[in-house]
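Please consider the structure shown here.

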Amino acid sequence: MNPKTIKLIIFIVILTSIVLSVYFVSMDRDSIREGIFVTSAAFLTLFIMSFLYKDNPYYKFAEHLFVGVSAAYWMTMGFWGTMMPNLVAKLWPGAVRGVLPALAEKDASYWFVIPLFLGLVLLMRLSPKGGWISRWALAFIVGTTAGLNLIRYLRSDFIAQVNNTIIPLVDKTEAGISFWGSFSNIFVFIGVLCGLIYFFFSKEHKGFFGGAARIGILVLMLTFGAGFGYTVMARISLLAGRMTYLFGDWLGLIN
Amino acid sequence: MKDCLFQMRLKLLPLAILLLLAAPVFAQAPDQSGEASMEADTLQEEPQVPPPAPPEIVVVKDTENDHGHSIDLEWKLSPDDDGTGDYVTGYEIWRGEMVEGEIEFQLRRTVPYGVKIYTDRGDTDGGADPMPNDKDYWYKIAAVADEDVRTESEVYGPVQATGEWFHTGKAPVAVAVLIFASFSVAFVIVAGGQIDMKQFFVMWPIIFVLIIWLVLLISLIVGASVNGLWFLLAIPGAFVGSVGLAISIGAIGFLVGWFVRRTKGEDAKLYVRPLSGINAVDEAIGRATEMGKPILYVLGLGTASDIATICSFTILGRVARRVADHQSSLMVPCYDPIVMTVAQEVVKNAYAESGRPDAYDEDQVFFVTQSQFAYVAAVNGMMLRELPASNFYLGIFYAESLLLAETGSLAGSIQIAGTDQVAQLPFFIVACDYTLIGEELYAASAYLSGEPTLLGSLKAEDWGKVIFILLVVVGVIAATAGWDQFIQWTTVRL
C-alpha cells in the first residue's frame, strides 16, 4: 500500500479516536471541557510515547506544542514572578497597584536601579556595535554567583567532607567493640582516600598508586550502581503515574 | 382470683401515675444538693495547690554569631518540676525594660514543663516585635503550677542584644575561602603579567598579612565602639591568628605560584595523566568531519555561574575551534538564556581565533525552552532528525541525563558526557562512550584549554588533595585514640 495512504489511514483512525474519546469522557463526566482536557492529555502522552517506536509527525506535534507552550509559560512566569514583583514593584510601587496590590503599599527601593541598569546592558547584545557592553553584565552575573557559590561549596563539599571522614576506626559501644560499626568506618575511610587518589591528576595510575586508584573507582562504581537502582525505581514510579492516568483517569479501567 | 388481681391493679394505677409525675421533682432535688456540695469542695480545694519552688536563672546572654535582637536564657528547673506536668505545668518568661525609672515586665512566652532554655528573639526598630540592640533588658522566669499559682525567680539583668560582625562558628569556612581566594589572586596577578613569579613570592605573603590585618582591624574598631576591653584583649589573639593564617595561605600560595610558573616555562611541562574522555574529544570531532554530520553540544540545565557549566564553556571553545578548522557544523541548544548568551560569545570567539569569523552562524547556538522535559523532547527530536555524529553532554544534568544519552545511543552517535552531579553519573556511564566523572570535567577543561592559570590551579588542587588526605589520616588516628580536637576544628556551626 502507498505510504501516503497508510499515513492518511492512521491519521483518520487517530482523529476518530480523539473524537470518540472526547464524546465518551464528556458523557461520563457530564462536561465537554473535562472531555477535551482529559483526552488531550491522554493523546499527547501517547504521542510522546510513540517516540519509543521512532520519530514521527505525532511526536513532532507534541514536541513543538510542549516546547512552545512551556517557553511562553516560563516567559510569562518570568515577567509576573520576577520582573513585576522584584523590579517594577520595587522601583515604582504605585505602578503595580492594579495587579499586585500587596506590594503597592511598600516604599520604593532605589537600589533596584542597579539590576535594571544591568538588565538593559544585557540587552545591548541586540545592538550590532554595542554588543560588547553586554559582557559587563554577564561578567557581573557569572562572577557574583560564582563567588557566592564558592562559600557554599567549600562548606558543604570540602569542610563538611573532611569533618565527616574523621571517624574512629574502632567503633566502641557500651557493649564493647562493634564489628560492623568498625567495618563500616574503615570502609568509609579507605573508600574516601582511594577515591581521592583516583582524582589525582598529576601522577600516572601505576603500582601502588594505581592499585589504590582502582579501589577508588571500584568504590565509585558501587556507589553509582546503588544510585542507579534507586533512581530507576523512582522513574518507574513516574511511569506508573502515567499509566494510572491513561488506564484510570482516561479509560476508567482501574480505580 | 384473676378478677381480684385486676381490681387491685386498677386501684394502684392512679398511684403509679402520680409517682411518675412526681419523679422529676425528686430527680432534681439530689442535683441541687450535689451542686452545693461541689461548691463546698472547690472552696476547700483552693488552698490545696501550694506555690512551687522557683526556678533559678543560670545564664542570660546575647545570642552569639547573629545580627543581634536575640538573647539566650538558661535556667535550672524548679525542684518541684518532676517532668510529668502534674504539678509544675510550665514556665513563663518575662522580659523587662526600663520605663520612667522602673522596670516594666512583659510576658514573652510560656514554655512547657521540663524546658530549661529559651531564645528571646525580636525585630529591629520599626518591626512588629521590636527588640533594639544595645538596650538594657531584665528577665525573670516564673514556675507555673496553676493559672493563679506561680513563683518567680530573681530578676536577672541588665543584658543587651548585640550583633556580631564575624560568625566564629564559620571560621573553618573563612579559612578555606581565604585559601581558595588566594588561588584566584595568584592567577590574576601572574596571568596579567604585572609581576614575575620571584617578585610575587616575596610580595604575596606580605600582601595577605596586610589584607587579613586590615580586615581584623576594621572589625576591632567596630567592636571597640561596643566594648573597648574586648578590643584590647583581642589584639594579641588577632596577631597570632593572622600570622598563623598567613603562613598557611603562604604555603598553599607558594604551591599555586610554583605550578603556574612551571606552566610558563618552555622546558618544564606540567604532567596531567591521560583521561580517556579527553582523548576522545578530538576523535569525536574528527568523526563528525569525516561523516559530514553535525556535532551536538549540550550544556545542561545549569546556570552560567555553575562551575560545571563554566568548565563546559571552556571545552565548548575548544570544540568550536576544531569545528571551525574542519568546517563541520555545530548545534548548541540551550536551556538557559544567559548560558545561551555566553555560549554564543564563546563560539564566536572560537571562530575568530581559528581565522574564520565569517563562518560563524549565530543560529548554531540557540535557546529552546526553560522547561526541563520540553527541552529534552526538543533535543531528542533533533538527535533523531539530524543524526549528529557526536554528542557532548557536559555541564549540570538532572533527570534528563538518561533520556538524552539513550536517544543519542539510539541515533548511533559517539557520546562524551561529563557532569559533577553524582546522581546522574550512573546514567551517563551506562549510555555514553566516555564519561568524565566529577572533577575529571574540571581537569578536561584545564587540559583542553591549555591555559596556564587553569593547569596551575589543577596542580594546586592535587596538592590540596594531598593536604586533605594528610588531615584525614591524622584526624582519624586522633579520633581512634579518643582525641576529637580535629573534629571540632573542622566543624562548622551555623
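Predicted model: local features only at pLDDT ≥ 70, side-chain atom pairs only at ≥ 80, totals over all residues.

Residues are numbered from 1 along each chain as its sequence is written, chains are lettered from A and ligands numbered from 1 in the order in which they are written, and side-chain values use heavy atoms, with hydrogens and water left out. Chain B holds 13 helices and 14 strands, where helices (H or I, at least four residues) and strands (E, at least two) are DSSP runs numbered from the N terminus.

**Overall composition of chain B**

- Of the 494 residues in chain B, 44% are buried; buried means under 20% relative accessible area, exposed over 50%, and partly exposed in between, with a 1.4 Å probe and protein chains only.
- Contact means heavy atoms within 4.5 Å. Among contacts in chain B between residues at least 6 apart in sequence, 66% join residues at least 24 apart.
- B:Pro172 and B:Thr491 are separated by 319 residues in sequence, yet their C-alpha atoms are 7.3 Å apart.
- B:Pro172 belongs to helix α2 (residues 171-192) of chain B, and B:Pro172 is buried, with a relative accessible area of 17%.

**The sheet β1-β2-β5**

- In chain B, 3 strands make up an open sheet in the order β1-β2-β5, with antiparallel pairing; two strands pair if DSSP finds at least two bridges between them.
- The edge strands of this sheet are β1 (56-62) and β5 (117-121) of chain B, each of which pairs on one side only.
- Neighbouring strands of the sheet are turned by 20° against each other on average, direction ignored; the axes are lines fitted to C-alpha atoms, for helices over the stretch in contact, and angles run from 0 to 180 degrees between N-to-C directions.
- Between β1(B) and strand β2 (residues 70-76) of chain B there are 6 bridges in the antiparallel sense, and B:Lys61 has B:Asp72 of β2(B) as its bridge partner.

**The hairpin of β3 and β4**

- Strands β3(B) and β4(B) pair in the antiparallel sense over 10 bridges, with B:Met98 standing opposite B:Ile103 in β4(B).
- The hairpin has 2 residues between its strands, and B:Glu100 takes a positive phi near 50° there.
- B:Glu100 lies in the loop between β3 (90-99) and β4 (102-112) of chain B, and B:Glu100 is exposed, with a relative accessible area of 81%.

**Helix α6 and the residue after it**

- At 1.5 Å a residue, the 20 residues of α6(B) should span 28 Å, and the end C-alpha atoms are 29 Å apart, which agrees; the expected span of a helix is 1.5 Å times one less than its number of residues.
- Just after α6(B), B:Gln327 takes a positive phi of about 55°, a positive value in a residue other than glycine.
- B:Gln327 lies in the loop between α6 (307-326) and β10 (330-334) of chain B, and B:Gln327 is exposed, with a relative accessible area of 58%.

**Around strands β7 and β8**

- The peptide bond joining B:Gly157 and B:Pro158 is cis, with omega about 5°, and B:Pro158 lies in strand β8 (residues 156-159) of chain B.
- B:Ser153 is in the loop between β7 (149-152) and β8 of chain B, and B:Ser153 is buried, with a relative accessible area of 10%.
- Not counting residues up to four places away in sequence, B:Ser153 touches B:Pro54, B:Pro55, B:Ile57, B:Lys140 and B:Ile141.

**Interface of chain B and chain A**

- At the interface, 68 residues of chain B are in contact with 57 residues of chain A.
- The size of an interface is often given as the accessible area lost when the parts come together.
- About 5600 Å² is buried between chain B and chain A, and carbon and sulfur atoms give 72% of this area; buried area is the accessible area (1.4 Å probe) that two parts lose on being put together, summed over both.
- In chain B, B:Arg273, B:Arg385 and B:Phe468 lose the most area to chain A, together 12% of what that side buries.
- The rule finds 5 salt bridges across the interface of chain B and chain A, a salt bridge being a side-chain nitrogen of Lys or Arg within 4 Å of a carboxyl oxygen of Asp or Glu.
- B:Arg385 forms a salt bridge with A:Glu63, in which the closest N and O atoms are 2.6 Å apart.
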